[in-house]
Amino acid sequence: MKSFILTLCIAPFLMATNFSTQYDVTVGMFGKVGVANVSIDETRDAYRMKLVATMVGTAAALTGNRVETYISTGKIEEGRYVPLSFIKTKKTNRD
């Protein structure tokens, strides 16, 4: 009985999928202006997606080391992400 209950508690985590990657953000002749880190966590019927965009080099100096974070959470229906919440935050070192 204990092993059955333990299996029920662990099973949702065994079906979870995690993915993360990093992209360079470039703008035409200015070249690389930032880095975007993306991560997606999925369970059987829900997801959480997070993107953190960080300015680098001259772009960082001009924007006060701007960092933007976007978080979307929701459910997965018929293989599609259906958002239930979306949060955007922006931070700089300027007052």
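Predicted model: local features only at pLDDT ≥ 70, side-chain atom pairs only at ≥ 80, totals over all residues.
Student: Is E68 buried or exposed?
Tutor: E68 is found in strand β4, which spans residues 67-77. Its relative accessible area is 14%. Buried means under 20% relative accessible area, so E68 counts as buried.

Student: Which residue meets the side chain of E68 in a salt bridge?
Tutor: The side chain of E68 also takes part in a polar contact of 2.5 Å. In the salt bridge, the N to O distance is 2.5 Å.

Student: Which residues does E68 touch, not counting residues up to four places away in sequence?
Tutor: Contact here means heavy atoms within 4.5 Å. With residues up to four places away in sequence left out, E68 touches L51, V52, A53, K88, T89 and K90.

Student: How far apart are the closest N and O atoms of K75 and E77?
Tutor: K75 is partly exposed, with a relative accessible area of 33%. E77 is partly exposed as well, at 39%. The two residues form a salt bridge, and their closest N and O atoms are apart by 3.1 Å.

Student: Which residue forms a salt bridge with D24?
Tutor: The side chain of D24 meets its partner at 3.3 Å, N to O.

Student: Is F30 buried or exposed?
Tutor: F30 is placed in the loop between β1 (17-27) and β2 (31-42). Together with V27 and M29, F30 forms a nonpolar patch on the surface. Its relative accessibility is 61%, and exposed means over 50%, so F30 counts as exposed.

How values were computed: Residues numbered from 1 in each chain as written. Heavy atoms only, no water. Helix = DSSP H or I, 4+ residues; strand = E, 2+ residues; numbered from the N terminus. Buried < 20%, exposed > 50% of the residue type's maximum accessible area, 1.4 Å probe, protein only. Polar contact = N/O pair within 3.5 Å; in protein donor to acceptor, adjacent residues only side chain to side chain. Patch = residues over 30% accessible without salt bridge, like charges linked within 9 Å, V, L, I, M, F, W, Y side chains within 5 Å. Areas by Shrake-Rupley, 256 points an atom, 1.4 Å probe, with all protein chains shown as cover. Salt bridge = Lys/Arg side-chain N within 4 Å of Asp/Glu carboxyl O.
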